[in-house]
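The points are grouped by topic.

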Amino acid sequence: MRTPSTVSRPLLSWFARSRRDLPWRAEPRDPYRVWVSEVMLQQTRVDVVVPYYRRFLQRFPTLDALAAADEDDVLALWSGLGYYARARNLHRAARAAIAQGGLPRSAAELLHLPGFGAYTAAAVASLAWGEQVPVVDGNVARVLARVLRLDGDAAQVRERAWQAAPSLLPAGRAGEFNEALMELGALVCTPRNPRCDACPLSRTCAARQHGDAESFPAARPPRSRAVLVWAAPAVFRGDGAVLLRKRSEGELFAGLWDLPTAAVVAGEVRTALTRALASCGIVRPPLLIPLGQVRQVLTHREVHVLLFRGRRHAPLRSTNGLRWAGSAELGSLGISSLARKCLRVACGG
């Protein structure tokens, strides 16, 4: 018979021996640092996150420091980590939390802050504050799908895992248990080739007993990615500075600096270039030389950028949404990986 203790005891014993030494696990837990790590870890590997986390905390060591920062500074440190809405919501939530006296101490209250969904709220509340609430991410959902033999695809299994998880929590140790489940999914109960022989829950796991662990969760049908085609003129000033535009709310990569771009519709590249330049107040396009295509594959879409280079002779002043940036400034701006690739090509290196 499967009881909370038959899951929690072997799991917590394994976690005590096998847990990774990660910078956000330093005791005593700081709720702010736990929160930053959880946001960074969403859809991003641990080995990628660690250096970003250290740089971010060095620059913004406290909730107050993050709340007082400019969004550009926050996005600059996030540059290359992807999913930039995470950084913007992190910044907004820090300001909202400071306005109400600090980070709330319960998952229910945390849900009212920007960017806090059920997972992030429960993770911060249980890991930092010790609240007795379950946490379900992709790793936890996969572990519970196999242990409990939960039917359905990834989305259905995650919902069922949220329903099942509360009954498994050991009294007073929810945070440690949640973290142990996540660690097990990351290190042992992996999507492919799970190490069932090394799993502390092998005796309890229903899928292991049936010999079909890799069948849970059920495979999701492959989805085709939408392809976006943009035209992007890289306009340079006489001193070598390049014209950048801050991407607006609702655009892909909102809040980041980028070359001016416009969608190519029905193959009309020149029309798209004219629109991109007009968004910067340039009504008389300079001579533009084609530089080729730059591609970036994102989670749900693929972006193809048709890149051009030109020179601006007439004066054009920087504004809140436009700026000229020299090569020395580019490293300190919030710029997406795709935009950096385009700039490397446009700048000849």
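In this predicted model, E302 is buried but has no salt bridge. The nearest side chain of opposite charge belongs to R295, at 4.2 Å.

**Surroundings of E302**
- E302 lies in strand β6.
- Its side chain does make a polar contact, at 2.8 Å, with the side chain of H304.

**Pairing of β1**
- Strand β1 (residues 226-236) runs parallel to strand β6 (residues 301-311), and eleven bridges join the two.
- Within this pairing, V235 is opposite G310 of β6.
- β1 is also joined to strand β4 (residues 262-263), by two bridges in the antiparallel sense.
- A231 has A262 of β4 as its bridge partner.

**Pairing and burial of β2**
- Four of the five residues in strand β2 (residues 242-246) are buried, leaving the strand mostly covered.
- Four bridges pair β2 with strand β7 (residues 322-325), and the two run antiparallel.
- R245 has L322 of β7 as its bridge partner.
- Strand β3 (residues 257-258) is joined to β2 by two bridges, again antiparallel.
- K246 is opposite W257 of β3.

Methods:
Residues are numbered from 1 along each chain as its sequence is written. This is a predicted model: local features need pLDDT of at least 70, side-chain atom pairs count only at pLDDT 80 or more; totals for chains, interfaces and linings use all residues. Side-chain values use heavy atoms; hydrogens and water are left out. Two strands pair if DSSP finds at least two bridges between them. Buried means under 20% relative accessible area, exposed over 50%, partly exposed in between (1.4 Å probe, protein chains only). Lys and Arg count as positive and Asp and Glu as negative; His and the chain ends are not counted. A salt bridge is a side-chain nitrogen of Lys or Arg within 4 Å of a carboxyl oxygen of Asp or Glu. A polar contact is a pair of N or O atoms within 3.5 Å; within protein, one must be able to donate a hydrogen and the other to accept it, and residues adjacent in sequence count only if both atoms are side-chain atoms.
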